[in-house]
Amino acid sequence: MSDLKELEEKSIFTIREAQARFKNLAALWSTGKDSTVLVALARKAFFGRVPFPLIHIDNGIDFPETYEFRERLSKEWGLEVLVPKSIIKDDLSGVRCCGSNKTDALKRLMEERHFDGLFVSIRRDEHGIRGKERYFSPRDKEFKWDYKNQAPEIWDYISQTDDASHIRIHPLLHWTELDMWLYIKQEGIPVNPLYFAHNGMRYRSLGCTQCTVGIESQASTVDEIIEELKTTTTSERAGRMQDKEQENVMQRLRALGYM
Amino acid sequence: MKRLAITLLGHKDHGKSTLIGRLLFDTKSVMEDRVEEVMKHSKILGRPFEYAFLLDSFEEERRDGMTIDVIHAQVKGKKHLYDCIDVPGHRELLKNMLSGASHADAGILIVSAKEGLEEQTGHHLRLAHWLGLDSLMIVVNKMDLVGYSQQMFETVVKEVESLRKTFFLLPKVEYIPISAYEGDNVVNRSQNMGWYSGRTLFEQLELLERQNHLSELSLRLPVQDVYEKTTGEKIIAGRIESGKIHVGQQVLFVPSREKAMVMSILTTNECKTSAVAGENIGMIIDRDLPSIKRGEICCTPEDSLNVRKEITAHAILLEDIPQQLVVECGPSETECVVEAVVPASIGEVSTLRFRFKNPMIVERAKTSLGRLAIKKQGKIVGVAVAV
């Protein structure tokens with residue numbers, strides 16, 4: 001079994017396990033490469049049809065390319081996309097922006113629709129704090145992550161607790177950034193055009209226009225991105241403000257329910 | 001490149017996180033900005049560069065110098081990609097330790113030359129055996145703190161060997177004297193221990209081979225779910241735990257004991273004529289069998305796979321358990337009554353007898369069908385392997 005095939009098998013098992021165990025699932029879809037790969041894997045797991053809705057939290061200040069890509073792919077793949085609006089209150093960034101706006105919009109939608117499981121496309125290699133996550137991770141009513149006392153997850157067995165408002169499911173936890181691009185290439189998965197260099201700049205990790213900073217790059221194809229990543233010395237989220245502005249920001253964000 | 005999952009094992013503060021940090025650093029498996037971040041944070045806390053901070057990312061972990069929860073880090077080798085699993089060494093964090101170590105193919109037990117054997121050294125050694133790890137390496141760490149003394153190294157080796165002998169037989173293991181902090185014999189050969197001519201830890205890792213004989217065993221395909229297409233056609237979904245399956249083959253489902261023929265095998269969105277252990281497939285059979293649902297196990301008709309009303313297993317309990325609870329085995333679950341045959345304290349290996357309310361398939365195997373989760377109100381309170 002090839003290396004990518006092994007990664008894929010683990011993810012498909014996790015996605016199907018979630019579908020078998022939970023009544024009402026949804027998946028976050030930022031239109032970024034990771035959550036788009038997750039959607040592609042779900043199509044594979046369920047033989048062409050994604051059996052749950054996708055959530056794109058819209059704060060109104062995403063890039064135009066993001067909206068276009070969302071419309072194009074949802075038509076092409078027959079996806080049900082829910083678009084809760086998050087309201088930008090004032091000129092916030094990092095903890096306060098992602099914390100209060102995006103997470104609040106998600107909370108409202110989750111309550112309205114009674115979702116008991118939410119797929120989130122985080123990976124361990126993205127950030128030290130994300131490295132601490134489990135595949136199935138309960139969140140309480142306030143969406144808090146009890147990171148100091150996580151439920152055990154041994155072999156393929158998971159813990160489901162009564163006091164959880166929902167379970168976060170992370171089928172891509174074991175993939176690296178390079179794995180994602182190798183898989184995108186292998187499977188021919190469409191990606192948001194913002195990843196490709198334009199005038200010597202591209203985005204390596206996508207957030208909204210407020211917290212995403214591009215990197216200098218000439219990589220304008222998937223192959224060129226793969227080559228770039230093989231030699232890079234900086235990490236993927238170097239252009240994301242919520243990871244940098246202060247020590248331990250990501251930990252506080254995640255404890256508060258950030259994706 | 002093949003992936004290998006390696007768990008660290010050993011008493012708290014013997015250097016598990018520091019060793020993985022050193023492996024990451026010396027194999028250049030970590031990005032520069034991560035190193036800078038750790039450098040900055042080490043400085044804030046008034047310490048020299050802490051390799052362990054490449055793993056310990058919680059504020060509390062760094063402040064208190066201890067690993068609270070598991071983290072996986074990828075170390076790039078020449079032959080393998082190593083998924084190094086850092087686990088907490090504190091006994092009270094055993095649930096986190098097992099959440100990491102249960103995913104490993106092999107283990108590295110770390111023993112400090114300065115402190116010698118401590119409580120969790122023996123405990124983790126027993127867990128490694130219970131988990132059935134394919135191989136184990138033992139590193140004697142902190143050699144820099146004992147003047148790189150050969151005598152100190154040999155004392156620790158002797159202690160560990162006599163401990164190993166007391167509870168079970170294991171194949172021969174390699175002992176490597178290292179200093180994770182100074183980088184001796186981890187990736188680079190030490191200049192301080194001329195008396196040691198064996199391999200570095202990294203060289204030893206590169207010699208590992210992942211054991212994979214599951215495809216050669218009997219067919220076991222636990223039904224994970226059944227999907228109905230809009231055309232009414234049913235797809236039976238599951239991961240092949242062992243063996244192989246091909247189109248045209250007769251199969252038997254247990255416990256329902258229904259027989260059928262495999263009409264098609266769908267892996268993801270393509271059709272295949274056969275599939276092997278490890279693959280998640282969809283299967284269409286030649287008849288509509290309403291009894292086929294999650295929990296049924298697909299095998300071959302000549303197989304003697306039987307449901308069990310009771311079984312004996314070696315268990316690790318994470319807390320005290322009531323006599324009546326729920327156990328899961330692969331996709332099956334049932335209420336059951338548990339009785340201790342050979343009791344043991346929390347976290348140690350006990351022998352338990354399980355009497356199932358609804359009989360299920362459990363067998364002695366290094367697959368999901370040989371491993372059980374003991375649950376109380378949905379939460380894992382113990383795990384067991386069938387014997």
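Helices (H or I, at least four residues) and strands (E, at least two) were taken as DSSP runs and numbered from the N terminus. The structure is a predicted model, in which local features need pLDDT of at least 70 and side-chain atom pairs count only at pLDDT 80 or more, while totals for chains, interfaces and linings use all residues. Residues are numbered from 1 along each chain as its sequence is written, chains are lettered from A and ligands numbered from 1 in the order in which they are written, and side-chain values use heavy atoms, with hydrogens and water left out.

Helix H1 of chain B (residues 16-26) is mostly covered, with ten of its eleven residues buried; buried means under 20% relative accessible area, exposed over 50% and partly exposed in between (1.4 Å probe, protein chains only). Among the buried residues of H1(B) are B:Lys16, B:Arg22 and B:Asp26, as well as B:Leu19, B:Ile20, B:Leu23 and B:Leu24. Their cover includes strands S1 (2-9), S2 (71-76), S3 (80-86), S4 (106-112) and S5 (135-141) and helix H7 (201-206) of chain B. B:Lys28, which follows H1(B), has a positive phi, near 55 degrees.

Helix H5 of chain B (residues 119-131) is largely enclosed by the rest of the structure, because ten of its 13 residues are buried. The buried set includes B:His123, B:His124 and B:Trp130.

Chain A contains seven helices and eight strands. Of its 259 residues, 63% are buried. Among contacts in chain A (heavy atoms within 4.5 Å) with a separation of 6 or more, 73% are between residues 24 or more positions apart.

At the interface, 68 residues of chain B are in contact with 55 residues of chain A. The buried area, defined as the accessible area (1.4 Å probe) that two parts lose on being put together, summed over both, is about 5200 Å², and carbon and sulfur atoms give 50% of this. Ten salt bridges are found across the interface, a salt bridge being a side-chain nitrogen of Lys or Arg within 4 Å of a carboxyl oxygen of Asp or Glu. One salt bridge joins B:Arg3 to A:Asp179, with the closest N and O atoms 3.1 Å apart. Helix H2 (residues 32-44) of chain B contributes seven residues, the largest share of the side of chain B that touches chain A.
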